[in-house]
Every structure is written in structure tokens, then in C-alpha cells.
Amino acid sequence: MLNALRRQCWTQFRTRIFQQPYFITRGLGGSPSVCVKKAHRTDEFTHLEAVHSPDQFGTLSPQVDEPEIADEGDLREEDFLQNIPSQGQKLSVRQYADTIKEHLKNNRIREALDVVEVRMKQDRVKPVNYHFNLLIGGCARVGYSKKAFQLYNKMKQHGLKVTGGTYTSLFNACATSPFLADGLKRANHLREIMIEKGYEPNETNYNAMIKAYGRCGDLKTAFQLVDEMVERRLNVGTDTFNFLLQACITDREYGFRHALLVWHRMYHMNVSPDRYSFNLLLRCVRDCQLGELETMEQVIEQILSQSIVRPQHQLATVEAKPATDNALVANEQSDGQSIPSLEIINVYSELTERLNHEGVPDLLSPKPHLGSLIKLGEVRKAEDRLLLLGGSSNVLAEMKRCSVEPDIRTMTELLDVIPPTYAAEKQLLTSIKQLKLGCDIDFFNILIKKRSMRFDYEGAKDVLYMIEAANLEPDIVTYGVLALGCQTQEEARSLLKMMNQADVRINIQILGAMLRQGCARHNFRYVTEVLNIVKRERLKPNEPFLRHLEEFGKVCEKRDRDYDAKPRQKGRDEFKMEYNRYRMHMDAWREHMGLQGLALDQALGIVREHPWEQFKQPQPDGFEAVKNPKLRHKRKKHHSIRKVDVDAIGDDDDRDVRDEVHKKVGDQTAEVRLVH
């Protein structure tokens, strides 16, 4: 009984002890320590005291109350952890890819990028390399090279495999970049990466690399890449030579010479040119010069000597200096066999015959000759370079020999390089009729521009009759090239009235063409009226528009100083009055446009738009491509020109035709006041 009572008392004592807010324990060293429980109390010790106090444990820093405003990163993390997307919200890999394709098809670059950068991130879905390749290819097509390489870096960060198609798209992005120096720098860096990784390019990669280096102006590297393809026994086909011709176009001084070498090398390698090859060669004829005459003569001798072939091996007896150090255009070496003296004599005789050939030169065919060409120094214009190829008729004959059918694009390129005469235009239109080709509005726009540039404004208006006879409708470019012929205010008002009737809104390019005419004729009222239209239509002036105004201002200032030096000169008072009125109006216009007091470079910096800015913003609601995507991919109308009276072109009786045209489109010249 006594023991039971003792155990009960001891139990109650222990219970009361452990319910106290403190208890005594003995440490390892025998010294007692007191642990005090302090609930919901802030640390009353300073940081220094807490560090050196033996009675504090776990209070190395003072306690801080929770902030009232939550951190933005914490909110995002909490939202990410709580708002888990459902399985029904997620799409398959194929569905995400189809969404990207749909946006790229309609040129919605920003929306396509948001699929990977926004939606897939929200859906907690990891993109695959197929998604990145689609986006890189879409950015490459529009020249958004910076974003294409950013996607490439993200692709590597995700640990995804970089395929040959990725490299092809990246080089295409370099080729289409609006900044050539940046594109060339990126292409060099990407090529170094491929070499470091030991990646061996395939035929498609090489073609993309040639395209990139050629368009960025590095012709030497482009030709070296073709040499690598030959060494690695890769197929050098028509596409490769087409990319080389694109590279030749970028060299405005020596491009025509390079193009001839590439063209005949194509023949030597038994590669047949296609329609695109002929179109590119005609573009070289239009844009590129011969270069140094001495080197050009050596190139022609090289082409003539290499074209003389005997059945078993190539004879190259004329030692011409190669234009480049590449194997593609260098002279072919003989196979070491002895060449009979009789064959050498035949080669010399044939070469002499081609050098002394009579008639029109022909450097286009596999058996070229110089014809009756006197001096290469006389070849300065595009029509002269076309004559070296034998003229437009010889180009069409060579296309027929190569089993290549020309299209309207070929005829448009020919129209740009034929002589600026009615006879040449009539011959080309006759060829189009004989080939039964359908013309589009672009062909007639070039014809209008060609006649306007040679100041044949009446002939340019006659093309409207051809457009109507071909059952086509003018587009915005048609009115733009017609504006080149608006020499007076009345003609400009007539054109604007025609556009208003056709429900076509004027743009700054058309007004720039009118401004050019007004400045050339020193018509202050014409220039003032154009400025008023820009202000009223709320149009943003572009770079050519401001340059026209700047040049016109310099001419007027010089003329004003000349009149001040000669105060009795005829026309001084009239010029002073008009010029002072123009300057007052110009100052008000500049102030309205926000260009007052700015130099030309500063003004150009304001109006110049960055080419990549359009890809950083989503398309606005109601954009035409969103409402009707099929319109973007609709093919341009092609109609036969059999109803066009080609025989009337260039004849004396064409006055009747012009009167009829003016009655239809030009005689509605009742003054339309644009500024009230």
C-alpha cells in the first residue's frame, strides 16, 4: 500500500514538472542550461548579441515580419504549382506543329513564335526539334535571322538534336537577312560550328551555304564551296549553278563577267539550265557591269578556247588568265597525252574563225563567237550587254535548244534589258503572241515604267489600253508607275481622280513619284499640293520622299543666292514670291510632321522602319490575311494578249489609238481640287 502511494505521488510530481514552461537539464559537461520557450515573441536581441549569447540557439539573425506585398516571382511560382493544366487542354506534337504551320502560311510570325514561347510553356509541354525547325524555317523565309539563331540556341539549351535541315534553314536566314554584313558574320560563325562538331554537309547544306555567301557578297567563298562539292563527289546540279548566278548578281561591277564563266562551266559539266537559270542570267545583264576590259577580254578568250572540244579530250591551247583561283572557272588541264599538230592547227583556225565571225555576237550558246564586235569599251548599257548574248531572239532560241519553255517572268526580264524603242517592244510582244503566253499586270507595269523613264509619257498612257484589251485590271503599282509621268498638277489630279473611281487609296510611294516630277520642274505649287495630300491623308513620309525635299531645298537655296547676286535678273521677283511662300508652307508641314529643326539624317532615323519590327508585334484584328487567307496565295491573273493591236505600236497611225485611250482614261481632266 505504501509503495503504491509513493508511485502515485511520483507520477503526479513528474506530470507537474513537465507542464511548466521551463525544465532543467544537465549538459555533457555538468553545467546546467536553461531553455525557455517563448512563443510568438520577436527577437529582442541584436544580431551581435545573438551571435555571442550562450543562451540563444538558432537566432543568428533577427526575425523579420512577412512583407505585405508578395514577390512577383513567388506569385508566378504559386500560380505555376496550383494551376496545373488539364490533359484536355494539351495538344499533341502534331497539333502544335499544324498550328505553327497555319500561322507561318499566313505570315503571322509573332503568333507562330507564341505557340512555343507562350502556349506550350503554359501547357507544360516540351517542344521537340520539329517545332523549332518549323519556326527557324519560317523566320528564315522572311529574313528574321536574329530570331532564327535565338531559336537555334534555345534548341541546344533544351538538349534537342540539331539536324541537317536546321543548318539549311539557318543559312537561308543568313541569305535573306536585310543586313548583309550581319548575315555574313552569322554564316561564318555557323560554318565554324559545323567544322568543330565534325558535321559533313550534304548537297542541300552546300546549296544553302552557297546561297548565303553569294547573296551576302562573298563570291570567293561561294566558289570555294562548289570546289568542295566537286572534291567530295557531291552532285553539282542546276540548283547549285542557279545559286552561283545569284551570287554574281550581287557584284554590280564584275557580275556579268562571272555569270558568263558560270554559264559556260555549266555547259562543260553537262548541266542543263532551266527557266530560272535564264531569268537569273537576264537579271545579271540588267544589273551588272563588265568590269576591267583587259580581264574581260581574257575571260572571252578563255570561253572561246574551252568551247572548242574534240571527241576524246578538251583542248585548251589559248592560255588565258583565270578570273578566279577556283577550280570551277579555271582552265581545264589536258590529260598529258600528246596533241597532234593537225588538231592544234584546226583549233587555231576555228578560234580565229570565231574571233572574226560576222554578225551579232553570241556569248550565250555552247559555241560562242564575238561576231562583228568592235570594242568592249562601247558596252555600257543593259541593251549592249544583251547584244553580247545575241539579243532577245537568240536568248529565246537558246531556251528552245535547251528544251526550256519561257514564261511571262522571262519576258518581263527581257523587257527590262531590250533597247528602249517601240520596235524592240513590238518584237517582244509579237514573240509573246507566238508563244501563246499569258501576260500578268506586272509585265505591263514594267512597260509603263520603261516608257516613263525615257520621258515617253504618252506612250506610257497607251499601255492602259493594252491592259484593258488583255482583260486585266490595274493595281497599285500601275498607278505608281503612271505617277512618274505626271508632269503637271492637272495630270496628277486626273490620276488621283482615276484612283478614287477605282477605289484605290493613295500611298506615299505614288506621292513620292509626283513629288519627284514637281521638284524636277521647280513647280512650287505642285510640290505644295503634294505636301498637303500627305498631311491630309495622314501618311508617313519615307526616305526617298525626304531626300527629294532635301535636294529640292538645296537647289532652291542656290538659285536664291544667284538671284541675290544678280538683283536685276529676269524672273527674280516671281521666284522670290513663290519661294518665300513655299518656305512658310514647308516649315508648317515639318512642324506638323514632327520634323522641324531636324537634319536629314535625324529625320531619316525617325521615319525609317526597322525591317524586323513587324515580326515583334501580333497582327491586328481585321487584317486581310486573317479574314481571307486564300487571297494571299491566290495566283496572279494571266490572260492572253491576242486582242492587243501589236501592229499599231510605233506606227504613224497610232495617234488614233492614243486619242481613243485618252478618251477612255485620260480626257476626264476636269479639275479636281485636292486642297480646298
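Trainee: Which residues is I210 in contact with, leaving aside its neighbours within four places in sequence?

Mentor: This is a predicted model, in which local features need pLDDT of at least 70, side-chain atom pairs count only at pLDDT 80 or more, and totals for chains, interfaces and linings use all residues. Residues are numbered from 1 along each chain as its sequence is written, and side-chain values use heavy atoms, with hydrogens and water left out. I210 lies in helix α10 (residues 203–215); helices (H or I, at least four residues) and strands (E, at least two) are DSSP runs, numbered from the N terminus. Contact means heavy atoms within 4.5 Å, and with neighbours within four places in sequence left aside, the partners of I210 are A222, L225, V226, M229, T240, F243 and L244.

Trainee: Is I210 buried or exposed?

Mentor: Buried means under 20% relative accessible area, exposed means over 50%, and partly exposed is in between (1.4 Å probe, protein chains only). The relative accessibility of I210 is 0%, so this residue counts as buried.

Trainee: Which residues does V116 touch, not counting residues up to four places away in sequence?

Mentor: V116 is part of helix α5 (residues 109–122). Its relative accessible area is 9%, and therefore V116 is buried. Not counting residues up to four places away in sequence, V116 touches I100, K121, P127, H131, F132 and L135.

Trainee: At what angle do the axes of helix α20 and helix α21 cross?

Mentor: Two packed helices are described by the angle between their axes and the distance between the axes. Axes are lines fitted to C-alpha atoms, for helices over the stretch in contact, and angles run from 0 to 180 degrees between N-to-C directions. The axes of α20 (residues 422–435) and α21 (residues 441–453) come within 12 Å, and their crossing angle is roughly 170 degrees.

Trainee: Which word describes the direction of α20 relative to α21?

Mentor: Angles under 35 degrees count as roughly parallel, over 145 as roughly antiparallel, 65 to 115 as roughly perpendicular and the rest as oblique. The axes of α20 and α21 cross at roughly 170 degrees. So the direction of α20 to α21 is roughly antiparallel.

Trainee: How many charged residues are in the contact of α20 with α21?

Mentor: From α20, Y422, E425, L428, L429 and I432 meet F443, L447, K450 and R451 of α21. Ala, Val, Leu, Ile, Met, Phe, Trp, Tyr, Cys and Pro count as nonpolar, Asp, Glu, Lys and Arg as charged, and the others, Gly among them, as polar. By class, this contact of α20 with α21 has six nonpolar residues and no polar ones, and the charged residues number three.

Trainee: Which residue has its charged end over the ring of Y422?

Mentor: A charge sits over a ring if NZ of Lys or CZ of Arg is within 6 Å of the ring centre and within 35 degrees of the ring normal. At 5.4 Å from the centre of the Y422 ring, the charged end is that of R454.

Trainee: Which residues is D456 in contact with, leaving aside its neighbours within four places in sequence?

Mentor: D456 lies in the loop between α21 and α22 (457–469). Its relative accessibility is 15%, so D456 counts as buried. Leaving aside neighbours within four places in sequence, the contacts of D456 are Y422 and R451.

Trainee: Is F455 buried or exposed?

Mentor: F455 lies in the loop between α21 and α22. F455 is not a glycine, although its phi is positive, about 65 degrees. Its relative accessibility is 63%, so F455 counts as exposed.

Trainee: How many degrees are there between the planes of W263 and Y267?

Mentor: Rings of Phe, Tyr and Trp (its six-membered ring) pair if their centres lie within 6.5 Å; planes under 30 degrees apart count as stacked, over 60 as edge-to-face and the rest as tilted. By this rule there are 17 aromatic pairs. W263 and Y267 form an edge-to-face pair, 6.0 Å centre to centre, and the angle between their planes is 80 degrees.
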